[in-house]
Each structure stands twice: as structure tokens, then as C-alpha cells.
Amino acid sequence: MDAILIENSGLDIQALEQLLNVEEIEIQERKRILGLIKRNRQLRKIF
């Protein structure tokens, strides 16, 4: 699951829910633990 989240971090939550077959809460928690939320914020500032 973590590898899929990392590779597809640009997808929206609904697409990830369908891809991983898990709930939004679990996806958000894993993204937070992996640092993907912070990374996406930093990338938005650059571009």
C-alpha cells in the first residue's frame, strides 16, 4: 500500500480509494506518516 501511495501521490483521494480499496481516513493517515502531505505542500509552493 505504501509503495502505491508513493508512486501515485498525485492522484486524488477518490481514485486512491478505488485503487487501494481502503477508506479515505486510512489513506490520509498513511500519507501523513509517509510525509506525502508535507511533500505535496512544498511542491505546490515551488510551482
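1. Asp2 and Arg30 are joined by a salt bridge, the closest N and O atoms being 2.6 Å apart, where a salt bridge is a side-chain nitrogen of Lys or Arg within 4 Å of a carboxyl oxygen of Asp or Glu. Asp2 belongs to helix H1 and Arg30 to helix H3 (residues 24–34), so this pair ties together parts that are 28 residues apart in sequence. Both residues are partly exposed, Asp2 at 28% relative accessibility and Arg30 at 24%; buried means under 20% relative accessible area, exposed over 50%, and partly exposed in between, with a 1.4 Å probe and protein chains only.

2. Please bear in mind that this is a predicted model, in which local features need pLDDT of at least 70 and side-chain atom pairs count only at pLDDT 80 or more, while totals for chains, interfaces and linings use all residues. Residues are numbered from 1 along each chain as its sequence is written, and side-chain values use heavy atoms, with hydrogens and water left out.

3. The count of salt bridges comes to two, and the other pair is Arg32 with Glu29, whose closest N and O atoms are 2.6 Å apart. Being three residues apart in helix H3, Arg32 and Glu29 are separated by about one helical turn. Arg32 counts as exposed at 51% relative accessibility, whereas Glu29 is partly exposed, with a relative accessible area of 36%.

4. As for the overall fold, the protein chain has four helices and zero strands, and read along the sequence it follows the pattern α-α-α-α; helices (H or I, at least four residues) and strands (E, at least two) are DSSP runs, numbered from the N terminus. The C-alpha atoms fill a box of roughly 30 × 20 × 15 Å, taken along the principal axes. Of the 47 residues, 21% count as buried.

5. The loop between H1 and H2 holds Ser9, which counts as buried at 9% relative accessibility. Leaving aside neighbours within four places in sequence, Ser9 is in contact with Lys31, Leu36, Arg39 and Asn40, contact meaning heavy atoms within 4.5 Å. For the protein chain, among contacts between residues at least 6 apart in sequence, 34% join residues at least 24 apart.

6. Leu11 is placed in the loop between helix H1 (2–7) and helix H2 (13–20), and this residue is partly exposed, with a relative accessible area of 37%. Together with Ile4 and Leu19, Leu11 forms a nonpolar patch on the surface, with about 240 Å² of accessible area. Patches are made of residues with over 30% relative accessible area and no salt bridge, like charges being joined within 9 Å and nonpolar side chains (Val, Leu, Ile, Met, Phe, Trp, Tyr) within 5 Å.

7. A patch of positive charge on the surface gathers Lys38, Arg41, Arg44 and Lys45. Arg44 is found in helix H4 (residues 36–46) and is exposed, with a relative accessible area of 62%.

8. The protein chain has 8 positive and 8 negative side chains, and the centres of the two sets lie 13 Å apart. Lys and Arg count as positive and Asp and Glu as negative, while His and the chain ends are not counted; the place of a charge is taken as NZ of Lys, CZ of Arg, CG of Asp or CD of Glu. The protein chain exposes about 3,800 Å², of which carbon and sulfur atoms supply 51%, with accessible areas coming from the Shrake-Rupley method with a 1.4 Å probe and, for residues, only the protein chains shown counting as cover.
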